[in-house]
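This report describes selected helices, strands and residues of one protein model. Please consult the sequence and the structure shown below while reading.

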Amino acid sequence: MQRFKILILFLFLFLCGCGDKSFNDKTVINDDLFNVVSTNAKVLLDVLENDVLEVSEFQLCLPENSTLNGFDLTIENNQIAVSLNEDFSGHDEFDYCVLYADKKQVASVKLEIESLAIQEILNPPSIIIAGESVEVGLGFNAIVDKSELIESLKAELALSDVEQSVELNLLGVEYLSGVYKITFNVAENTSFYRNEKAIVKVNLLGSEKPLQFETRFYSKPKMAQLNWPQRSIFTRQEYLDNAQQGIIDFHWLNLGKWKLPETHTWEEDPYHNVSWKLFYHSLGWLTPIAQLYKETGDTELLDKLNEVIISYDQKFALGALDLKTAYREDAVALRVNHLLYLYLEMREYLSVDANNALNSLFDKDAVMLQQYLDDPTYDDDNHGLIQAKSGLNLYSVFSYKDKFKKIGESSLSRVNKASVLMFDARSGQNVEQASEYHFIGISMLLEAKLQLNNLKIEPSQTLIETLDKAILFSAYLLNDEGYTPAIGDSYSNKYWRGYVNRYYELFNELNETFEQFKEYGQDALDNLFVSDNEGLVIAKSRNNSGELNKVFFDAGPKRIVHGHFDNLNLLVQLAGTQLLVDSGGPFNYGNSGRRNFWSISAHNSLVINRLESNEFDAILTQVEKMDGYYYFSGVQPNPDEVNHKRTVIFSTYPEEWVLVLDWVESQDASFRVEEYWHYNKHAEISSANGSLIKVGAKEFTHLTLPNTKTCKLVKGSFDENNIPKLGWVSESYNTAEPAYVKRCESLGTYYQKANLFSQKGKIEHFSVVENESEYVNMRVNNTIYQVDKINQKVNIVE
């Protein structure tokens, strides 16, 4: 019985040991090695993947709840989750176990942990523009939670040529097809860079292995870095007040205020004035509306901006632009700058539709501006420089766009051409024959030079030399008080000394003569200055009281652009007082408003056979500095071979006076001569044929030989359109003040006249001593001057 029990037990143990061999032979729990990336997310480890489990039921277990380095361990769906620290890298390990039946097997897990890193950069941008978003693809060594990436990703833009780096702003992350698409931008408040070579480094916080790519960096300039005409005007308080009331007023036109309509037709012309229409279509009046919105946040102002921008864009299609008004060259050039203000200062506030319209307006203006820049007609014209400055502004903001690169190149070419063509190479005088436009031309060339410096473009040597001479010539145009006479399209008695000093300061190039001028004024300059090619003579002296005497004589080319029909015109200042003046102007740019002020009769010259224009160039025939006097002469040819000759003798010592001798002769027929002398607006005159002229406390004499009795005084006359005609001085646009004009008329086949101007009491004797066909001897006090009528030379006889 006992032996039977032992047999039964043996069989039971045999059956138990052989019925399921996996408990003893086939269950194998192996050690593991994992390479993982540390992130803030859990890492799931499939530790059973390399184990042999042939049991239907088992349980994964952890002897400890953390790794060797203290990272938390949990079991999720038969996998072990490790909560790593993203700052950790290196080796770690832990054990795990498998329970099945009553068995337990233990294996170890080794972890090789590397930091999260960027493995590749995909489709890097070739350019980065400050303020505009760009995209780049990044490939990582692990799948990363987007929110985690936003917190840990860092990008930096380093400029190659300067020791400066700019941090990029991460705007968003999108995961597509295994690639993270990163959107970022560079803040706009950076320095001004154009096509700067740059390196973008992309990295994760704590990582020492950034990836990088090369690109080109552009930033947008601030408005102060652009040549923005009228920027100071439209931001004045009075313009902000007008914007609040829905009013525009181009005050320099002196036309008054105008209420903006609810809806613009863009046909508006309330004053029937071409200049008003120009500034209306330049859209500069939107600047105070935008400025006021930024200060107040008034949404009605923003709505007005959106409405106007969209309306203007819709009005003019690219194929049907209004070239007479809206898209004429000066309107385009001015408007570009005002649109750039809206783009740089307001695009973040404007509606999507308004921004689209703004870009459309840029495209249309760019097309037309390129045409105007390619037109050689404007190469020697101040309008051509306005176009070039606007083109440089466009290039400054949009130089990464091909069409604006072309505009930039054309603008630079125009600046270089204008440097040669707009100013006389020898004297520095502006060729537009207008003193005011001489200063304007300097201002625009200087602004172009500064803009080129901003763009890191070296100004041409010609530009530097032109500015050097032009700024010095400006000093010759001034009187002691810093005012300049009106020559050509210029307004009378305008102060320019402060501007001239500022020009020299901005020019930032040493000129020894100008340095002396800064200290000693007119006394630092030559007493006789001749602009040969332009036919302008400037002569000066001082009397015993230190008062300035100054004469301007113009015997140059016929009128162009902003010049007047002022050949052989004479301007005289004696004893520090302007005596003979130019009417200035134009009164306005309407037909008669301009014509009345550019005509010969608006100047100190002769009108022959009622012809109010110079058909031919005048010729400067003589300029000489003699002991105690200067003389200069010129000839003005006229149709039908009727020639006008004028010789001016300017006595500087011992007495100061100006003698003007005029001859007109014709081969065949008789002719009519009208003689005009324009006096200071403050002048009081005794009679038309009288000699006494009083200006303030000073008295002057105007003596004539022969003493013509057919002279009249005219003051403040109007034409048939009620536009000022004769007897006016214009000191600003659309304004004029009455001033005396002496007008004399004669008819014959030969004309000779002498006019002598001096301070009262300086002239004791004035007569014609001898008058022959080839010369005339004139006695002034105790000296006889012989004037050769043929070659117009002057000599002292006794």
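Helices, such as the one discussed first, are DSSP runs of H or I with at least four residues, and they are numbered from the N terminus. The model is predicted.

## Helix α12

Helix α12 comprises residues 435-454. At 1.5 Å a residue, its 20 residues should span 28 Å, and the end C-alpha atoms are 29 Å apart, which agrees. Just after α12, Lys456 takes a positive phi of about 60°.

Is this helix buried or exposed? A residue is buried when its relative accessible area is under 20%. Of the 20 residues of α12, 14 are buried, so the helix is largely enclosed by the rest of the structure.

## The packing of α9 and α11

Two packed helices are described by the angle between their axes and the distance between the axes. For helix α9 (residues 352-373) and helix α11 (residues 402-421), the axes come within 10 Å and cross at roughly 35°. The crossing of α9 and α11 is left-handed.

On the α9 side, the contact involves Asp363, Ala366, Leu369, Gln370, Tyr372 and Leu373. These meet Lys403, Phe404, Lys406, Ile407, Ser410, Ser411 and Arg414 in α11.

Strands of a sheet pair through backbone hydrogen bonds, either parallel or antiparallel. In this model, eight strands form an open sheet with antiparallel pairing, in the order β27-β28-β29-β30-β39-β34-β33-β32. The edge strands, β27 (619-626) and β32 (683-685), each pair on one side only. Direction ignored, neighbouring strands of the sheet are turned by 15° against each other on average.

Within the sheet, strand β29 (residues 643-651) and strand β30 (residues 657-665) are joined by nine bridges in the antiparallel sense. His644 stands opposite Val664 in β30.

## Glu665 in strand β30

Glu665 also belongs to strand β30. Because its relative accessibility is 38%, Glu665 counts as partly exposed.

## The hairpin of β36 and β37

Strand β36 (residues 728-732) and strand β37 (residues 735-738) run antiparallel and are joined by three bridges. Ser732 has Thr735 in β37 as its bridge partner. The two strands form a hairpin with two residues between them, and Asn734 in the turn has a positive phi of about 70°.

Definitions and conventions:
Residues are numbered from 1 along each chain as its sequence is written. This is a predicted model: local features need pLDDT of at least 70, side-chain atom pairs count only at pLDDT 80 or more; totals for chains, interfaces and linings use all residues. Side-chain values use heavy atoms; hydrogens and water are left out. Axes are lines fitted to C-alpha atoms, for helices over the stretch in contact, and angles run from 0 to 180 degrees between N-to-C directions. A crossing is left-handed if the near helix is turned anticlockwise from the far one by less than a right angle, and right-handed if clockwise. Contact means heavy atoms within 4.5 Å. Two strands pair if DSSP finds at least two bridges between them. The expected span of a helix is 1.5 Å times one less than its number of residues. Buried means under 20% relative accessible area, exposed over 50%, partly exposed in between (1.4 Å probe, protein chains only).
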